[in-house]
Amino acid sequence: MQVVFDHAKERKIMFSTFHPDGALLIPKLQNTYPVFFLSNGGNEIHSDARRNSLEEAVKLCLEGGLQGIVSEVKAILRDPGAIAKIKDSKLSLLTYGQLNNVGEVVSMQRKMGVEGVIADVVEEIIDVVSETKGSGKDENGNCWPAERSIFARKIDHCSEEEICWLFRLLPGQMQ
């Protein structure tokens, strides 16, 4: 922790971990930076039940006073209703995974209420999202500032037609 405090300066930092006990420990060691619990949303089964579903991830976050969940994108796409449950719990939601390198998937998540994504092709994703609604940059050209993130608010609800389109687009990716 001391290294982070010594060198963070003005950087935007968040802690995240797949380890439930680690996620609960970090806020006890510091209260400066947000802590997120990483979850694969049930894509793999683990001996620790807290790692096996988004419902368990929500419980862990609420129990530990964490700021949110970083979910594998497939879990959210398989169960879009989980987004509302997470948001109703006043938790932030971000996603990670290979599908976050597909602009249409990121745009769909934005419409569904996901607040941010972790992607490998950041510039391409910013361009795609910027074309849909709003800008991926602030007036100074900075990308996705935390306080004015393009994902910081729920823009639209997805129609059933949009969700069907997404599932047709990604047939082999959802297994």
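This is a predicted model: local features need pLDDT of at least 70, side-chain atom pairs count only at pLDDT 80 or more; totals for chains, interfaces and linings use all residues.

Analyst: A residue is called exposed when its relative accessible area is over 50%, and buried when that area is under 20%.

User: What makes Lys90 exposed?

Analyst: Its relative accessible area is 72%. The cut-off is over 50%, so Lys90 counts as exposed. Lys90 lies in the loop between H5 and S4.

User: How do you know that the buried residues of H5 lie on the same side?

Analyst: The buried residues of H5 are Ala82, Ile83 and Ile86. They cover an arc of only 105° around the axis, which puts them on the same side of H5. An α-helix has 3.6 residues a turn, so residues three or four places apart point the same way.

User: What do the buried residues of H5 pack against?

Analyst: They pack against H3, S3, H4, strand S4 (92–96) and H6. Packing here rests on contact, that is, heavy atoms within 4.5 Å.

User: Why are the buried residues of H3 said to be on the same side?

Analyst: Leu54, Ala57, Val58, Leu60 and Cys61 are the buried residues of H3. Their arc around the axis is only 165°, which puts them on the same side of H3. Glu55, Lys59 and Glu63 are exposed on the face turned away from the buried side. The buried residues of H3 pack against H2, S2, strand S3 (68–72), H4 and H5.

User: What makes a set of residues a nonpolar core, and which residues have the most contacts inside the largest one?

Analyst: The residues must be buried, of the nonpolar kinds or Cys, and joined through side-chain atoms within 4.5 Å. The largest such core has 25 residues, and Phe37, Leu66, Ile69 and Leu93 have the most contacts inside it. H2, strand S2 (35–39), helix H3 (54–64), helix H4 (73–78), helix H5 (81–88) and helix H6 (103–112) each supply at least two of its residues. H3 gives the most, with five residues. In soluble globular proteins, nonpolar side chains tend to be buried together.

User: Which residues is Leu66 in contact with, leaving aside its neighbours within four places in sequence?

Analyst: Leu66 is in contact with Ala23, Pro27, Val35, Phe37, Leu60, Cys61 and Leu91.

User: Which residues form a nonpolar patch on the surface, and what makes it a patch?

Analyst: Met1, Phe5, Leu25 and Leu29 form it, with about 350 Å² of accessible area together. A patch residue needs over 30% relative accessible area and no salt bridge, and nonpolar side chains are joined within 5 Å. Leu29 belongs to helix H2 (residues 20–29).

User: How much of the chain is buried?

Analyst: Buried residues make up 41% of the 175 residues. The accessible surface comes to about 9,800 Å², of which 51% belongs to carbon and sulfur atoms.

Key: Residues are numbered from 1 along each chain as its sequence is written. Side-chain values use heavy atoms; hydrogens and water are left out. Buried means under 20% relative accessible area, exposed over 50%, partly exposed in between (1.4 Å probe, protein chains only). Accessible areas come from the Shrake-Rupley method with a 1.4 Å probe; for residues, only the protein chains shown count as cover. Patches are made of residues with over 30% relative accessible area and no salt bridge: like charges are joined within 9 Å, nonpolar side chains (Val, Leu, Ile, Met, Phe, Trp, Tyr) within 5 Å. A salt bridge is a side-chain nitrogen of Lys or Arg within 4 Å of a carboxyl oxygen of Asp or Glu. Helices (H or I, at least four residues) and strands (E, at least two) are DSSP runs, numbered from the N terminus. The arc is that of the directions from the helix axis to the C-beta atoms.
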